[in-house]
Amino acid sequence: MSNLYARLKTISKAKPTAVQEEKKVKECAEIIKYFDIEPHFLPVKTELAQLCAVEGIDVPEIENIVFLDTETTGLGSGAGTVAFLVGIGWLAEGRFESHQLWMRDYDEEEDLLKKLDAYLGEDKTLVTFNGKTFDIPLLQSRHVMQRLRMKQYDHIDLLTHARRIYKLRLKRVNLSHLEEVLLGHERHDDIPGSMIPQRYFDFLKSRDESLLKDIFDHNAQDIVSLSRILKMVSMAYTQPETLSEGMDVFSLGKGYERMKKSENAEKCYKLAQGSYRVGATTALSLLYKRQKRMDEAIAGFESIAGESPKANEELAKFDEHIKKDYKAALMHTDAAIRLSDEEADMTDLLYRRSRIVRKLVKEQNKDKQDSERQKDG
C-alpha cells in the first residue's frame, strides 16, 4: 500500500507531457481591424442618458462601451452550439477598433473565452443586437462548459429598442434592414446568416481559411453597424423630434406609455400628430382619458371622428354613459362599425349598438307615455 501511495505521489508531481503542454497553450486566432467612422455617427455621453435611464443602468463613458456579436455553429442554445467567432469593438480616438477572436478548432475555445474576458475587464457596458436572448446566454453557458465564469455587465440590447421604435413602420427590424433604411447602407454579397454554420464546418474539414473571409467581413460589419444604430436609438430617446417619420415617434410614445412614462408619451404623441395624425391623436386622447382630462380627450376624439373607429367608439361611450344622449351614441357607434375592420372590435360594437338601441327605444316609449299623460291630464 505504501509503495502504491509513493508511486501515485510521484506521478502527481511528474512534469506534464508534451501533449499536455500543447493542450494548455492552444491559442485561438485573432484579427484586428480599424474603421473610420463619420463624426456624426459617433454617440456622445449626453445622448445616452435617456436610453440608459430606460435600461436602468448608469451612463457609461464612451470608451467603456463594447459592441459584441457572435457567429455560431447553430441557432440553438444546447450544449452543441459554440460561438466559434466573437467579434468585439469599441470607439477609440475617433475611429472604430474591432477584434475578432475565432477558433481554428474546438480545443481553442478556452483561450478564446479567456481573451474575451480580458478585453471586457470590469467596467464595460455591452451593446448587442439580440444579445440578451442569444449571444450572452450562449457565452455564459460556454464559460460554464470550460469551468470559467463570465462576469455580469450592464447591457444594451438594440433589438429591443429597434422593435419599440421602428417595427410598426419597417415590419422587419433585422440589422441589415436597419442599416439599409436608417443608415442608407446596403450590403452587397453579404453571406446569409443561415449559411454561416455550414461554412465553418466546411473549414474544419478542409482547413481552407478563405472559406471564412465572408464570415469575418459579415461579423465586422455587424459590430460597426451597432455603433451607428446606438447613435440613432440614443437620439430618438433624447430628441424624438429628430425622428423623420411620425410613425416612429408615435411608436416611441407607445413604448413610453407601456413604461408608465406618461409625460414622455404625451410629448411623442403631440410630435407625431403632424404626419401620423389619426393614430397619434387617438393615442393622445386615450392617454388624456386615463388621466381624467376628459375635456381634452373629447376634443381630440371629435377632431378625428369619422376617421378613427376608436375615436367614434369613445364618443359613443361618452354619449351613452355620461350625456345619456342615445341618438348621438347610436350615430357614433354606427360610424365606428363602418370604419372598423377588426372582427373582435365588430363584435363589441354590434353588442354596444343593440344595447343603445334598447335604451333608445325605452327612452322613446317613456317620452311617449309622458306625453300621453300630459294630454290626459
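Reader: Which residues make up helix H10, and how far does H10 reach from its first C-alpha to its last?

Author: Helix H10 covers residues 246-258, and its 13 residues reach 19 Å from the first C-alpha to the last, close to the 18 Å expected at 1.5 Å a residue. The expected span is 1.5 Å times one less than the number of residues. Helices (H or I, at least four residues) and strands (E, at least two) are DSSP runs, numbered from the N terminus. Please keep in mind that this is a predicted model, in which local features need pLDDT of at least 70, side-chain atom pairs count only at pLDDT 80 or more, and totals for chains, interfaces and linings use all residues. Residues are numbered from 1 along each chain as its sequence is written, and side-chain values use heavy atoms, with hydrogens and water left out.

Reader: How many of the residues of H10 are buried?

Author: Buried means under 20% relative accessible area, exposed over 50%, and partly exposed in between (1.4 Å probe, protein chains only). In H10, ten of the 13 residues are buried, so the helix is mostly covered.

Reader: How are two packed helices described, in general?

Author: The axes are lines fitted to C-alpha atoms, for helices over the stretch in contact, and angles run from 0 to 180 degrees between N-to-C directions. H6 and helix H7 (residues 175-183) pack at about 75 degrees, with axes 12 Å apart. That makes H6 roughly perpendicular to H7 (under 35 degrees is roughly parallel, over 145 roughly antiparallel, 65 to 115 roughly perpendicular, the rest oblique). On the H6 side the contact is made by Ala-162, Tyr-166, Arg-169 and Leu-170, and on the H7 side by His-177, Leu-178, Val-181 and Leu-182.

Reader: What counts as an aromatic pair, and how many are there?

Author: Rings of Phe, Tyr and Trp (its six-membered ring) pair if their centres lie within 6.5 Å; planes under 30 degrees apart are stacked, over 60 edge-to-face, and the rest tilted. The count comes to nine aromatic pairs by this rule. In one of them, Phe-67 and Phe-96 have ring centres 5.8 Å apart and planes at 45 degrees, so the pair is tilted. Phe-67 is in strand S2 (residues 65-72) and Phe-96 in strand S4 (residues 95-102), so the pair ties together parts 29 residues apart in sequence. Phe-67 is buried at 1% relative accessibility, and Phe-96 is buried at 0%. Ring pairs also link Phe-84, Trp-102, Tyr-200, Phe-203 and Phe-216 into a cluster.

Reader: Where does a charge sit over a ring?

Author: The rule asks for NZ of Lys or CZ of Arg within 6 Å of the ring centre and within 35 degrees of the ring normal. The charged end of Arg-207 sits over the ring of Phe-203, 5.4 Å from its centre. Arg-95 lies over the face of Tyr-34, at 4.2 Å from the ring centre.

Reader: Is His-218 buried or exposed?

Author: His-218, in helix H9, is buried at 11% relative accessibility. Not counting residues up to four places away in sequence, His-218 touches Glu-71, Arg-187, Asp-190, Ile-191 and Ile-196.

Notes: Contact = heavy atoms within 4.5 Å.
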